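Colleague: I am new to this one. Can you walk me through the structure?

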Amino acid sequence: MPVGFGGRWFWAYDVSLAILLLEATLVHGELAPGQRPARADAAVEDLRIQVRVGSNQFFALDFEEWDTEQRDHVRSIVATAGRRLRGCGVVTAAEAAQRYLIDGEPYFLRGHEQIAGEVVADLAEAIESLIQDQLPAVPSTDQHWFYGVTGGPRLR
């Protein structure tokens with residue numbers, strides 16, 4: 001699924017992106033209400049919506065409805081989620097089903113037995129690089145980076 005910011009974008013494996021966004025919602029939930037910016041809950045609900053629709057929708061990190069505080073909050077919780085996932089090793093299907101709920105239902109890794117936390121963490125770093133306009137160049141205009149896959153980023 002495409003992930004974009006400022007007119008630039010890359011491809012992200014939707015299962016990796018879902019794990020990253022669900023972990024980010026947990027990071028948000030651990031913050032005391034006084035530590036959350038105004039309307040942060042609405043931005044986090046948009047992350048849940050993105051997980052619900054999966055690969056059917058472009059994920060804009062500069063979502064028009066978000067104000068600067070919401071964008072900064074999403075950026076922060078995604079970065080924190082990435083750091084957590086880097087240190088966790090792998091997330092098994094059973095762990096994902098127990099840890100990540102969407103609409104009260106366990107998240108399904110779409111047939112995968114596990115997903116590497118490091119791969120998801122690399123995706124979080126790619127999101128930060130996209131925001132900072134620091135992604136590596138691509139060799140042609142018809143190719144884009146693809147993140148969140150085993151073996152590291154590749155061109156697609």
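The questions below go from the whole chain to single residues.

Colleague: What kind of model is this, and how many helices and strands does the protein chain have?
Modeller: This is a predicted model. Along the sequence, the elements of the protein chain run β-β-α-α-β-α-β-α-β-β-β-α-β-β. Its secondary structure comes to 5 helices and 9 strands.

Colleague: What radius of gyration does the protein chain have?
Modeller: The C-alpha atoms fill a box of roughly 45 × 40 × 30 Å along the principal axes. For 156 residues the globule rule gives 15 Å, and the chain comes close to that, so it is as compact as a globular protein of that length. The radius of gyration is 15 Å.

Colleague: What share of the contacts with a separation of 6 or more joins residues 24 or more positions apart?
Modeller: Take the contacts in the protein chain with a separation of 6 or more. Among these, residues 24 or more positions apart account for 67%.

Colleague: Which element gives the most to the largest nonpolar core?
Modeller: This core has 44 residues, and Phe10, Leu17 and Leu20 touch the most other members. Two or more residues each come from β2, α1 (14–30), α2 (40–53), α3 (68–86), α5 and β8. The top contributor, with 9 residues, is α1.

Colleague: Which residues is Leu20 in contact with, leaving aside its neighbours within four places in sequence?
Modeller: Leu20 is one of the core members that touch the most others. Leaving those neighbours aside, its contacts are Val78, Ala81, Gly82, Leu85, Val120, Leu123, Ala124 and Ile127.

Colleague: Is Thr25 buried or exposed?
Modeller: Thr25 is found in helix α1. Beyond its neighbours within four places in sequence, it is in contact with Val44, Leu47 and Arg48. Its relative accessibility is 8%, and the cut-off is under 20%, so Thr25 counts as buried.

Colleague: And Thr150, buried or exposed?
Modeller: Thr150 lies in the loop between β8 (145–147) and β9 (154–155). Its relative accessibility is 66%, and the cut-off is over 50%, so Thr150 counts as exposed.

Colleague: How far apart in space are Thr150 and Ala42?
Modeller: In sequence, Thr150 and Ala42 are 108 residues apart. In space, C-alpha to C-alpha, the distance is 32 Å.

Colleague: Which element gives the most to the lining of the largest pocket?
Modeller: The largest pocket holds about 200 Å³ of space. It is lined by 14 residues, with Arg8, Trp9, Leu135, Pro136 and Trp145 nearest its centre. Two or more lining residues each come from β2 (8–12) and α5 (117–131). The most, 3 residues, come from β2.

Colleague: How many nonpolar residues does that lining have?
Modeller: Sort the lining of the largest pocket by class. It has 4 polar and 2 charged residues. The nonpolar count is 8.

Colleague: What is the phi of Arg39?
Modeller: Arg39 lies in the loop between α1 and α2. Most residues other than glycine have a negative phi. Arg39 has a positive value, near 65°.

Colleague: And what is the phi of Arg110?
Modeller: Arg110 sits in the loop between β6 (105–106) and β7 (114–116). It is partly exposed, with a relative accessible area of 45%. Its phi is also positive, near 50°.

Methods
Residues are numbered from 1 along each chain as its sequence is written. This is a predicted model: local features need pLDDT of at least 70, side-chain atom pairs count only at pLDDT 80 or more; totals for chains, interfaces and linings use all residues. Side-chain values use heavy atoms; hydrogens and water are left out. On a 1 Å grid over the protein atoms alone, a cavity is a set of points where a 1.4 Å probe fits but cannot get out, and a pocket is an open set with protein on both sides within 12 Å along at least five of seven lines; lining residues have an atom within 4 Å of a point. Grid points are joined across faces, edges and corners, and a volume is the space filled by probe spheres set on the points. Helices (H or I, at least four residues) and strands (E, at least two) are DSSP runs, numbered from the N terminus. Ala, Val, Leu, Ile, Met, Phe, Trp, Tyr, Cys and Pro count as nonpolar, Asp, Glu, Lys and Arg as charged, and the others, Gly among them, as polar. Buried means under 20% relative accessible area, exposed over 50%, partly exposed in between (1.4 Å probe, protein chains only). A nonpolar core is a set of buried Ala, Val, Leu, Ile, Met, Phe, Trp, Tyr and Cys residues joined through side-chain atoms within 4.5 Å. Contact means heavy atoms within 4.5 Å. The radius of gyration is taken over C-alpha atoms; the globule rule is 2.2 Å times the number of residues to the power 0.38.
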